[in-house]
Amino acid sequence: ARRRTQSRSPGAAGSAIRALLEVLNRGERARAAGLAALAVVGALAETLGIGALFPFLNLLATPQLLENEPRLRALYALSGAASAERFMIIAAGSLMLLYACKNLLLGVIYFLQTRFVFALEHRLGTELLKALVLAPYAHRIGRNSAEQLQTITAEVPRLTSSFLLPL
């Protein structure tokens, strides 16, 4: 019996990520891995924010849950609120604080991601320009220097802005 081997052709996203990893140096790969981990933390923070909103809205719509739901009753007693209305105000303030912290965290993550992408754009553009300037004269004579500069000044930023920033 002849065994069929399946060739695994990587998907477009997999090959694009592999190509990106080849362009990154060791430090950039480590920073990219850290940013990927931060992106997961950001996604969890978004999930927590959305997950906290609906129970709060449910509590506002049905205040009787404070008496009927054991976990809410325990939280109500723990809060030390004098009334159900006071507990609602504490819950609303807590939700606003949660959203403020979540948005601050996401802002820091987006800042770090953007800084990484633009630092990579700067490095790639600088290396390409250096390679163009240091290339032998015979290499430059057969090529249009305007097209090469176009690649450096337009294509590298387009790569980083359209591919890396959305990641």
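Predicted model: local features only at pLDDT ≥ 70, side-chain atom pairs only at ≥ 80, totals over all residues.
Helices here are DSSP runs of H or I with at least four residues, numbered from the N terminus.

Residues count from 1 along each chain as its sequence is written, and side-chain values use heavy atoms, without hydrogens or water.

Next I looked up the angle. The axes of α5 and α7 (residues 145-164) come within 10 Å and cross at roughly 160 degrees; axes are lines fitted to C-alpha atoms over the stretch in contact, with angles from 0 to 180 degrees between N-to-C directions. That makes α5 and α7 roughly antiparallel (over 145 degrees).

Then I checked who touches whom, contact being heavy atoms within 4.5 Å. On the α5 side I found V117, L120 and E121 among others, and they meet a set in α7 including Q148, L149 and I152. The contact residues split into twelve nonpolar, three polar and one charged (Ala, Val, Leu, Ile, Met, Phe, Trp, Tyr, Cys and Pro are nonpolar; Asp, Glu, Lys and Arg charged; the others, Gly among them, polar).

Last, I went looking for aromatic pairs and got one. Y76 and F87 sit edge-to-face, 5.4 Å centre to centre with 80 degrees between the planes (ring centres within 6.5 Å make a pair, and planes over 60 degrees apart make it edge-to-face). Y76 is in α4 (residues 70-79) and F87 in α5 (residues 84-134), eleven residues apart.

Terms used. Phe/Tyr/Trp six-rings, centres within 6.5 Å; stacked < 30°, edge-to-face > 60°. Helix = DSSP H or I, 4+ residues; strand = E, 2+ residues; numbered from the N terminus. Parallel < 35°, antiparallel > 145°, perpendicular 65-115°, else oblique.
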